[in-house]
Amino acid sequence: MPVTLRAQLPDDLPLLTGRDSEFAEFGPVAPPAEPRPCGLDGNGALTIVAADGRPAGDVSWHWTHWGPTAASRCPNIGIWLRPRYRGQGIGAEAQSQLARL
């Protein structure tokens with residue numbers, strides 16, 4: 001299924017809850033007040049837009065260090081999909097696109 005990655009918009013935030021899974025219970029979490037940054041140099045996130053034009057979820061990343069120098073870092077990526085978009089290959093395609101960025 002074709003998907004597009006784009007910067008998060010304020011209207012996306014109510015849909016990108018990161019919940020709806022038996023494994024996502026970490027106690028009360030306040031919804032984000034503003035979209036996350038999308039620059040690749042720092043931590044950030046992008047909205048996954050499905051073929052129907054609606055936000056299907058998001059991919060995010062944060063940088064981790066594994067060695068002694070500033071160049072010794074790699075992104076740790078994560079994904080969350082709204083339940084209706086799971087099991088269709090959207091997540092695999094979104095993560096593949098993020099890796100190519």
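**Exercise 1.** Determine which residues Gln-97 is in contact with, leaving aside its neighbours within four places in sequence.

*Solution.* With contact taken as heavy atoms within 4.5 Å, and with those neighbours left aside, Gln-97 touches Val-3, Thr-4 and Leu-5. The model is a predicted one, in which local features need pLDDT of at least 70 and side-chain atom pairs count only at pLDDT 80 or more, while totals for chains, interfaces and linings use all residues. Residues are numbered from 1 along each chain as its sequence is written, and side-chain values use heavy atoms, with hydrogens and water left out.

**Exercise 2.** Trace the pairing of strand 2 with strand 1 and with strand 3.

*Solution.* Two strands pair if DSSP finds at least two bridges between them. Strand 1 (residues 4-6) and strand 2 are antiparallel, with three bridges, and Leu-5 has Ile-48 of strand 2 as its bridge partner. Strand 2 also runs antiparallel to strand 3 (residues 55-65), through six bridges, and here Ile-48 is partnered by Gly-57. Five residues separate strand 2 from strand 3 in a hairpin, whose turn contains Gly-53 with a positive phi of about 85°.

Terms used:
Helix = DSSP H or I, 4+ residues; strand = E, 2+ residues; numbered from the N terminus.
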